[in-house]
Amino acid sequence: MLLTADSLKEIIAERLEAALVQVEDMSGGCGQAFAVIIVSPKFKGKNKLMRHRMVNTALKDEIAAIHAFTQKGFTPEEWKDQGGSI
């Protein structure tokens, strides 16, 4: 299964009920390294480690199929505080 930035974005949005997902293919289009920003109300009350574990669990099969995966997770409130919009 070859992941694309678009397919990964859809999977994250669905599984984590994300309000915003930004996916960047860091591998030049070969689908082996992704950097993602996820804004989800599901992160409320969870620290950074707990958020990472939630994402890793939700994307277990996808992460196993790629070489590198970096993530940043925010609640909608945190994202707005940083100047982001949803």
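1. Accessible areas are taken here by the Shrake-Rupley method with a 1.4 Å probe. On that basis the chain exposes about 5300 Å², and carbon and sulfur atoms supply 51% of this area. The structure under review is a predicted model, and the remarks below should be read accordingly.

2. Overall architecture. The chain contains 4 helices and 3 strands. Read from the N terminus, the elements follow the order α-β-β-α-α-β-α. The radius of gyration is 12 Å, close to the 12 Å that the globule rule gives for 86 residues, so the chain is as compact as a globular protein of that length. Along the principal axes, the C-alpha atoms occupy a box of roughly 35 × 25 × 20 Å.

3. Burial and contacts. Of the 86 residues in the chain, 36% are buried. Where contacts join residues at least 6 apart in sequence, 55% of them link residues at least 24 apart.

4. Charge. The chain carries 11 positive and 11 negative charges.

5. The aromatic pair. How many aromatic pairs does a search of the whole structure find? The search returns 1. This pair is formed by F74 and W79, with 5.3 Å from centre to centre and 50° between the planes. The arrangement is classed as tilted, because an angle under 30 degrees would count as stacked and one over 60 as edge-to-face. Are F74 and W79 buried or exposed? Both residues are buried.

6. Residue I37. This residue belongs to strand β2, which spans residues 33-39. Which residues does I37 contact, leaving aside neighbours within four places in sequence? The contacts of I37 are L20, V21, Q22, K72, F74 and W79. Both members of the aromatic pair, F74 and W79, are thus included in the list for I37. L20, V21 and Q22, also in contact with I37, fall within the range 20-25 given for β1. K72 and F74, likewise in contact with I37, fall within the range 68-74 given for β3. By contrast, E10 is 27 residues from I37 in sequence, and the C-alpha atoms of these two residues are 13 Å apart in space.

7. Residue E17. The backbone at E17 deserves a check by eye. E17 is not a glycine, yet its phi is positive, at about 50°. Where does E17 lie? E17 is placed in the loop between α1 (5-15) and β1 (20-25). E17 counts as exposed because its relative accessibility is 51%, and the cut-off for that class is over 50%.

8. Residue L2. L2 lies in the segment before α1. With a relative accessibility of 60%, L2 counts as exposed. L2 and C30 are 28 residues apart along the chain, and their C-alpha atoms are separated by 8.2 Å.

9. Residue H67. H67 is found in the loop between α3 (60-64) and β3 (68-74). Its relative accessibility is 69%, and H67 therefore counts as exposed. The C-alpha atoms of H67 and Q32 are 5.0 Å apart in space, although 35 residues separate H67 from Q32 in sequence.

Terms used
Residues are numbered from 1 along each chain as its sequence is written. This is a predicted model: local features need pLDDT of at least 70, side-chain atom pairs count only at pLDDT 80 or more; totals for chains, interfaces and linings use all residues. Side-chain values use heavy atoms; hydrogens and water are left out. Helices (H or I, at least four residues) and strands (E, at least two) are DSSP runs, numbered from the N terminus. The radius of gyration is taken over C-alpha atoms; the globule rule is 2.2 Å times the number of residues to the power 0.38. Buried means under 20% relative accessible area, exposed over 50%, partly exposed in between (1.4 Å probe, protein chains only). Contact means heavy atoms within 4.5 Å. Lys and Arg count as positive and Asp and Glu as negative; His and the chain ends are not counted. The place of a charge is taken as NZ of Lys, CZ of Arg, CG of Asp or CD of Glu. Rings of Phe, Tyr and Trp (its six-membered ring) pair if their centres lie within 6.5 Å; planes under 30 degrees apart count as stacked, over 60 as edge-to-face and the rest as tilted.
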